[in-house]
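Dear colleague,

Please find the structure below, together with its sequence. My notes on it follow.

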Amino acid sequence: KRIFSSLILIPIALFFIIKGSFLFNFFIIICFLVTSYEWHKMSRKKSYYLFGLLFLIISFYSVYKIRTTMGGDYIYFIIILLICIATDIGGYIFGKIFKGPKLTKISPKKTYSGVIGGYLFSIIILNLWFSSNFFINPQELNSDVFIVILIISTISQIGDITISYFKRLSKIKDTGNLIPGHGGLLDRIDGLLFAMPVAYIIFYLNVLK
């Protein structure tokens, strides 16, 4: 179910991201409403409820700004998406294979080997991306991009752990059941939601030259 859901959802998301314009705006509004609803169900009686909604607004605003104001290009968005997905996959694979000490009690499945795997996989994937024929002039990763990868990967992993913490407070396993094999939408994009505001600041400062 997890693989099948991904095979369906990733092309759909890429379609709206690449198309941009009102189609992308429609897509992120739907995603915002769904994640807000899942957060509402999970935390409506908690003291941090409004803080969480405010964070979602800031995060999705960052999503909008990155796609629509960074030269109107989807490349920046794809870069963040690749880092977060690669971090998630690398963490899962390395965690399953090497196991080892647990990272935190908040998210029992997280291990130190998974953290390392997340970094390594995101670096490898972005290196393949930059050196591919997708670009007119393929290039190697420079030190600035390397640091950006580490920062966004770290924030993505922190986001995953943070949402896990709030789920534990609410005594639930998933934020919803919208996506078979994944749980709720918030379960699937938690790291991305944390990475987007940080990435926007990085891009605004023109670190990626």
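Helices here are DSSP runs of H or I with at least four residues, strands are runs of E with at least two, and both are numbered from the N terminus. The model is a predicted one, in which local features need pLDDT of at least 70 and side-chain atom pairs count only at pLDDT 80 or more, while totals for chains, interfaces and linings use all residues. Residues are numbered from 1 along each chain as its sequence is written, and side-chain values use heavy atoms, with hydrogens and water left out.

The protein chain contains 7 helices and 0 strands. Of its 209 residues, 44% count as buried, meaning under 20% relative accessible area with a 1.4 Å probe, protein chains only (exposed is over 50%, partly exposed in between).

K65 lies in helix α3, which covers residues 49-69. This lysine counts as buried because its relative accessibility is 18%. The C-alpha atoms of K65 and Y200 are 7.6 Å apart, although 135 residues separate the two along the chain.

Leaving aside residues up to four places away in sequence, W39 touches several residues, including Y48, L56, F166 and L186; a contact means heavy atoms within 4.5 Å.

Yours sincerely
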